[in-house]
Amino acid sequence: MKREENRWYVVLACDEVSAEELPPTGAIVGIDMGVAHFLTTSDGEHVGNPRFLQAMADELAGAQRHLATFPKRTRQRTKTHRAAARKVAKLHGKIRRQRADFHHKTARTLVRDHDVIAHERLNTAGMVKSPAPKPDPDRPGGFLPNSAAAKAGLNRSILDAGWAQFLGILANKAESAGRLVVPVDARNTSRTCPECGHVAKGSRVTQAKFACTACGFTANADHVGATNVLTRAGLVLCVAA
């Protein structure tokens, strides 16, 4: 049983579901997850980030402010209090359903068009941790700036994109379709030049631009990341073979 807002649903699950394998395509792709674009493929295709939470942020903030006017702890909620709580839950449910629908459709397209899909092995929980406070040695009890506000904005974008949920859906769809998903080491995928192999932090000029500090190769940074993911997947497959 599952409850959403004031409705209850019966959830049925099957232990064994026969796979419906798709015909081979002969195609292999690497994908780079991001926030500017939801993902970029090694073919250079960008999939836009719909930012469902951001799109509904004003309406959700208003509903949450209204809910905050009621006491948090009370033995019996009034009719107006219950309505305010339902509205917040309804908005969160809508965002969750929109995000899940987008993930399913995006994953289905990748699985339909490719035999092998490579992606970065991401530790989303670690990526959204708040930066540790930096004590100021010159001011006892004071702290140095640690970019916490900027990190909080990035964390919201990562959670809004829902990378972990998407990769789980992708893995499940690939397994049922007889496709192969290959997670690879994510370190330096956007800092490694696909032309000469040079690794440098300075090569990632901006969020969107890559310019190798060794050979001068330039490209879209997300495309570079996806290309390197594909290359690493090829090495993994060679070792496995």
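## Pocket, strands and cores

The largest pocket is lined by 19 residues, and Met33, Glu120, Met127, Ser190 and Arg204 lie nearest its centre. This is a predicted model, in which local features need pLDDT of at least 70, side-chain atom pairs count only at pLDDT 80 or more, and totals for chains, interfaces and linings use all residues. Residues are numbered from 1 along each chain as its sequence is written, and side-chain values use heavy atoms, with hydrogens and water left out.

**The pocket.** A pocket is an open set of points on a 1 Å grid over the protein atoms alone, where a 1.4 Å probe fits, with protein on both sides within 12 Å along at least five of seven lines; lining residues have an atom within 4 Å of a point. About 470 Å³ of space lies in the largest pocket. That volume is the space filled by probe spheres set on the points, which are joined across faces, edges and corners. The lining has 8 nonpolar, 5 polar and 6 charged residues. Here Ala, Val, Leu, Ile, Met, Phe, Trp, Tyr, Cys and Pro count as nonpolar, Asp, Glu, Lys and Arg as charged, and the others, Gly among them, as polar. E3 and H5 each supply at least two lining residues. Such labels mark DSSP runs numbered from the N terminus: helices (H or I, at least four residues) and strands (E, at least two).

**The strands.** Two strands pair if DSSP finds at least two bridges between them.

| Pair | Sense | Bridges |
|---|---|---|
| E3 and E4 | antiparallel | 3 bridges |
| E4 and E5 | antiparallel | 3 bridges |
| E3 and E6 | parallel | 4 bridges |
| E6 and E9 | parallel | 5 bridges |

Ile31 has Thr41 as its bridge partner in E4. Ile31 also stands opposite His119 in E6. Val116 is paired with Leu180 in E9. Thr40 faces His46 in E5.

Two hairpins occur here. One joins E3 to E4 through 3 residues. The other has 4 residues between E4 and E5, and Gly44 in its turn has a positive phi of about 90°.

Two strands are well covered. Buried means under 20% relative accessible area, exposed over 50%, and partly exposed in between (1.4 Å probe, protein chains only). In E4, 4 of the 5 residues are buried, so the strand is largely enclosed by the rest of the structure. In E6, 5 of its 5 residues are buried. Val116, Ala118 and Glu120 lie on one side of E6, and Ile117 and His119 on the other.

**The cores.** A nonpolar core is a set of buried Ala, Val, Leu, Ile, Met, Phe, Trp, Tyr and Cys residues joined through side-chain atoms within 4.5 Å. The largest has 28 residues, and Ile31, Phe38, Leu39, Phe166 and Leu170 have the most contacts inside it. Among the elements that each supply at least two residues of this core are E3, E4, H2 (57-68) and H3 (79-113). A second, separate core of 6 residues includes Ala118, Val182, Val184 and Ala233.

What does Leu39 touch, not counting residues up to four places away in sequence? Its contacts (heavy atoms within 4.5 Å) include Ile31, Val47, Leu110 and Phe166.

**Two loop residues.** Arg51 lies in the loop between E5 and H1. Its phi is near 50°, a positive value in a residue other than glycine. Arg51 is partly exposed, with a relative accessible area of 24%. Asn188 lies in the loop between E9 and E10. Phi of Asn188 is near 65°, again positive in a residue other than glycine. At 34% relative accessibility, Asn188 is partly exposed.
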